[in-house]
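Thanks for coming, everyone. Let me put the structure up on the screen.

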Amino acid sequence: MTNPVLAEVVRSGFVESVHRGALVITGPEGAVRLALGDVVSPVYPRSSNKPLQAVGMLQAGLDFTGEELALACASHSGEPGHVKRVLELLTAAGLSETDLACPPDFPLHIPSMRDAAEPRRVMMNCSGKHTAMLTTCVRAGWPVSGYVSPDHPLQRAIADAVSSLTGEPIAHTGVDGCGAPLFAFSLTGLARAFGRIATADSGPVLEVASAMRAHPWLVAGTGREDTVLMSGVEGLVAKAGAEGVQAFALPDGFAVAIKLDDGAKRACAPLAVEALRYLGVDVSGLSELAHPEVLGGGRPVGEIRVPELR
């Protein structure tokens, strides 16, 4: 099926570009309440997988809590506070930066990138997740070598947790940008998983939700969409993914998952705000995300516009 247009890029009163995609809202019981486009075919959730993966690591023996666990769920900006904490976690597990399988990279945070002399593995936005994966291996007595192989016991444990949370079998396993296994399933499964995380009342699932809510800056970084969303909406659990993916859930169990066909990140934030408005959330404090500016000559000449959900 052809997915609908979910966002328009308007420049000087003229629609310059459009973004097609799919969006699903599930209720507390997991039933689909709104579906736009194809919400049943498998997609790669990319880093929106991270809270689900963190649940699997906790179930396998990871002992992270609070800030540590928030970093395990993070696509952090590589700011000094992020890097310092990741290095401390590696040292605590008897590991070093060279044990990380994620590739060297510069920080996503522009000022931190300018200060970086060279790319480092610990600066890569997934280094918190990889540190958690390595630490899980240490705690479980599994080999650290080859921890990103889909056949490693760590990744099998994570796959089982992801499938349990989504309520679906994993449709395909690929390789994420950070080198770790990447599991494909439907947008509906992703929304249901976030709904389960947001309403958990005990165990590892609750621990993940609590850590993300308490430490939104560690989950993303200064000015990043996930940080702004979780800081602005009480009880929200939100995690973006590359290639135009966004997932989040409210504490009442209503959850949203978005995937844009062209992988454009820029339309995710206004769609997220509109979905929150549709769910009755006061979004007055999220106006910057709701109407991203289109610039011309360094000044606003338009915006990214999304349709009102009905």
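First, the ground rules. This is a predicted model, where local features need pLDDT of at least 70 and side-chain atom pairs count only at pLDDT 80 or more, while totals for chains, interfaces and linings use all residues. Residues are numbered from 1 along each chain as its sequence is written, and side-chain values use heavy atoms, leaving out hydrogens and water.

Now the overall picture. The protein has twelve helices and eleven strands. Those are DSSP runs, numbered from the N terminus: helices are H or I with at least four residues, strands are E with at least two. The C-alpha trace spans about 60 × 45 × 35 Å along its principal axes. Of the 310 residues, 54% count as buried. Buried means under 20% relative accessible area, exposed over 50%, partly exposed in between, with a 1.4 Å probe and protein chains only.

Next, the inside. Where is Leu 52? Leu 52 lies in helix H1, residues 50-59. Leu 52 counts as buried because its relative accessibility is 0%. Leaving aside residues up to four places away in sequence, Leu 52 touches Ala 161, Val 162, Leu 165, Thr 166, Phe 185, Ala 193, Phe 194 and Ile 197. Contact here means heavy atoms within 4.5 Å. Ala 159 is 107 residues from Leu 52 along the chain, yet their C-alpha atoms are separated by 9.1 Å.

Last, Val 18. Val 18 sits in strand S2, residues 14-26. Val 18 has a relative accessible area of 40%, so Val 18 is partly exposed.
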